[in-house]
Amino acid sequence: MIACGLTAVAAAAFYVPGRAACGGAFPVPLDDAFIHFDFARSLCRGSPFAWIAGQGFSSGETAPLYAVVLAFGWAIGFRGAALAPFAAIVACVSIASAMVSLRSLIRGAPWVVACGAAALVVSIGALDFAFFSGMEVALFAALAVRAFVLAERMMRAPPHLRARAQWRLGMLGALLVWVRPEAAVVVAVLSVLAARHARSQSPLGALARVALPGALATASIAALNWTMTGDFASAGARLKLLSSNPYLSDLDRARELVLNIVNFWWRVIEASAVFDPRLVWVLGACALAPLLSARTRDLGAALLASAVLFAVLVSFNGAARFQGFRYYAPALVMLVCAVALGLSVIARRFGAAVSLVVVVVLAGGAAARAETSIRFFRDASANIHDQQMRVGEKLRTLGPPGARVLINDAGAIPWVADRGAVDALGLGGYRLLPFTRAALSGEASMLELVQRMAPADRPALIAVYPNWFPAVTQYFAREIDHVTIEHNVICGGPTKIIALADWTPLDSDTPPANVIDDIDIADIESEAAHAYASPAPRGGWATANVIAHVFDGGRIIPAGETESFDAHASGTLVMRSDEAIDATVQDMDLVADHITGAWTIATCSVERGRVVVRARKPLRDFHLWIVAR
């Protein structure tokens with residue numbers, strides 16, 4: 001009852017002002033939450049692993065277990081707008097479950113200390129934001145705390161029951177990675193813990209029993225992704241990981257990694273978003289206290305190691321320091337568990353009164369800072385409701401039946417509009433076209449993929465941020481409406497346009513005669529077929545242009561840099577640019593031949609094999625053909 005009461009109070013603190021800011025609608029502060037809703041709805045419509053039913057497989061669901069839980073809500077009647085309250089029910093049940101598990105984790109602690117530890121869970125504003133955001137964090141918290149309870153029981157299990165306890169822990173680890181793939185590091189830590197406490201068992205066997213289910217769960221998703229898309233990584237990982245950005249050097253990636261970690265510490269801890277800075281040392285002391293007792297040392301070390309490894313792994317996500325730090329929330333959950341374990345140690349060493357004073361100070365200090373997170377939750381919910389959901393409502397009735405919409409937010413807009421869509425960033429999916437890899441390259445590469453689509457399949461409507469997609473807005477969109485919000489705290493821009501699409505420039509190109517090989521620069525599929533290599537990260541930035549009503553995407557090659565590709569035939573190389581061309585091919589000059597409209601054309605003889613183009617001055621290469629001599 002205490003767990004339910006604490007959860008209800010925390011939920012009301014966030015949902016009540018959020019609902020008021022949304023004009024009575026249920027508040028959801030993150031557009032990404034609706035991506036889970038989209039996958040759940042598609043599952044119930046008979047299209048598992050599809051972002052939108054009928055559009056084929058998508059690897060964009062990184063929490064398939066959460067989608068299944070939401071699908072259960074849809075199946076029993078929580079449909080449309082009612083799925084958000086169902087997600088809130090799941091969150092509240094999960095949080096209460098985590099509190100009950102936490103009581104088991106700190107067995108032997110006085111009940112007042114256990115209640116204080118439970119209160120600490122919902123006193124941290126940044127953690128509550130993630131819990132009540134509609135994302136999978138609360139479900140992860142329930143499973144993670146339970147996993148450490150099972151780990152503690154496994155350590156105490158008699159020899160004849162130890163293997164069974166290890167298998168149970170391993171199965172729960174599999175569920176964890178199906179909620180957050182980063183949980184693989186938690187499973188790894190728990191596996192080492194099992195090996196350490198194998199006693200009469202084989203340490204390797206104990207490790208395998210805990211690790212194997214999680215490893216198989218991870219491998220199953222990776223194998224499915226590979227089978228369907230040719231890529232082991234999910235769309236989210238491919239889009240957001242620092243290692244995926246082709247325009248970052250290794251030094252840039254290291255800098256971003258450190259910046260994410262520093263931002264997490266500074267803004268969440270030192271900048272008082274979670275704790276009063278004066279209490280950080282108390283928090284740290286409590287988290288380290290389990291290491292001082294033989295009874296709790298191994299479990300405390302496992303919790304701290306899991307929290308640190310999870311936070312470091314998440315920091316490789318380029319978006320980690322945004323969206324209210326919800327990516328770091330699981331690490332905070334495990335840190336709170338370590339603190340709770342430390343409180344039990346303090347209670348045994350110094351008495352329940354001392355432990356209770358410490359937890360009251362910590363929970364009170366955190367709760368005093370929660371207003372920042374509540375305000376952010378309220379404002380972000382209003383942003384999503386007033387922009388994303390409003391755009392979805394407008395799109396529901398626009399265009400002919402069945403018309404698709406090009407979007408750059410894969411959550412609330414298609415959820416509310418309930419119509420086919422193409423996600424320009426690739427978090428959704430459309431018939432296995434590699435929009436995620438195209439998005440990493442740039443807007444021009446995304447447009448090249450739209451060019452590959454059959455004209456009848458292309459989006460008839462567009463709903464994007466003009467500041468994110470200037471070429472789409474300038475060349476292909478006829479604006480008919482827009483939605484602008486004030487005090488934007490979460491959306492990619494204050495204004496999202498709604499437009500009719502005109503893709504005719506994609507079909508207006510006339511290639512040279514007698515083409516025997518075609519290298520469409522910035523078209524990632526054409527580039528892959530020719531093993532194209534740009535000078536990225538030192539260049540190779542994608543760019544787009546429409547000249548004489550002809551679209552083409554290209555890349556910018558800085559002076560002194562090279563691009564290269566495999567020529568599949570010998571002949572005359574024809575290069576197209578929108579500026580003067582000053583470059584060499586295999587140390588031979590490209591010769592300006594003529595100008596068609598305003599596209600500049602240059603030619604050079606090439607032989608089959610690897611071809612290297614060197615820019616003497618900045619080169620804007622849009623297209624390469626090889627024509628018969």
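A salt bridge is a side-chain nitrogen of Lys or Arg within 4 Å of a carboxyl oxygen of Asp or Glu. By this rule, the count here comes to 32 salt bridges. The structure is a predicted model, in which local features need pLDDT of at least 70 and side-chain atom pairs count only at pLDDT 80 or more, while totals for chains, interfaces and linings use all residues. Residues are numbered from 1 along each chain as its sequence is written, and side-chain values use heavy atoms, with hydrogens and water left out.

- Buried means under 20% relative accessible area, exposed means over 50%, and partly exposed lies in between (1.4 Å probe, protein chains only).
- Helices (H or I, at least four residues) and strands (E, at least two) are DSSP runs, numbered from the N terminus.
- Contact means heavy atoms within 4.5 Å.

**Arg180 and Glu136**

- Arg180 forms a salt bridge with Glu136, and their closest N and O atoms are 3.0 Å apart.
- This pair links distant parts of the chain, 44 residues apart.
- Arg180 sits in the loop between α8 (159-177) and α9 (184-196), and Glu136 sits in the loop between α6 (125-131) and α7 (137-156).
- Both Arg180 and Glu136 are buried.
- Glu136 counts as buried because its relative accessibility is 2%.
- Leaving aside neighbours within four places in sequence, Glu136 is in contact with His36, Ala63, Tyr66, Val179, Arg180 and Arg326.

**Other salt bridges**

- Arg255 and Asp252 meet through their side chains in a salt bridge (2.8 Å, N to O).
- Arg255 and Asp252 are three residues apart in helix α12 (residues 250-270), so about one helical turn separates them.
- Arg255 counts as partly exposed, at 46% relative accessibility.
- Asp252 is also partly exposed, with a relative accessible area of 23%.
- Arg378 forms a salt bridge with Asp379, with the closest N and O atoms 3.0 Å apart.
- Arg378 counts as partly exposed because its relative accessibility is 29%, whereas Asp379 counts as buried at 12%.
- Elsewhere, salt bridges that share partners join Asp38, Arg41, Arg45 and Asp418 into one network.

**Surface patches**

- Patches are made of residues with over 30% relative accessible area and no salt bridge; like charges are joined within 9 Å, and nonpolar side chains (Val, Leu, Ile, Met, Phe, Trp, Tyr) within 5 Å.
- Accessible areas come from the Shrake-Rupley method with a 1.4 Å probe, and for residues only the protein chains shown count as cover.
- Lys and Arg count as positive and Asp and Glu as negative, while His and the chain ends are not counted.
- The place of a charge is taken as NZ of Lys, CZ of Arg, CG of Asp or CD of Glu.
- Arg295, Arg297, Arg348 and Arg349 gather in a surface patch of positive charge.
- Arg348 belongs to helix α15 (residues 329-350) and is partly exposed, with a relative accessible area of 36%.
- Leu241, Ile261, Val308, Val312, Leu313 and Phe316 make a nonpolar surface patch of about 440 Å².
- Helix α14 (residues 297-314) gives the most to the nonpolar patch, with three residues.
- Leu241 lies in the loop between α11 (235-240) and α12, and it counts as partly exposed at 31% relative accessibility.

**Arg620**

- Arg620 is placed in strand β16 (residues 619-621).
- Arg620 is buried, with a relative accessible area of 16%.
- Not counting residues up to four places away in sequence, Arg620 touches Thr543, Arg555, Ile556, Arg576, Ser577, Asp578 and Glu579.
- Arg620 and Trp541 are 79 residues apart along the chain, and 9.6 Å separates their C-alpha atoms.

- Ser243 is found in the loop between α11 and α12.
- Ser243 counts as exposed because its relative accessibility is 55%.
- Ala320 lies in the loop between α14 and α15.
- Ala320 counts as buried, at 0% relative accessibility.
- Leaving aside neighbours within four places in sequence, Ala320 is in contact with Asn260, Val314, Ser315, Phe325, Tyr327 and Tyr328.
- Ala320 and Thr504 are 39 Å apart in space, C-alpha to C-alpha, and 184 residues apart in sequence.
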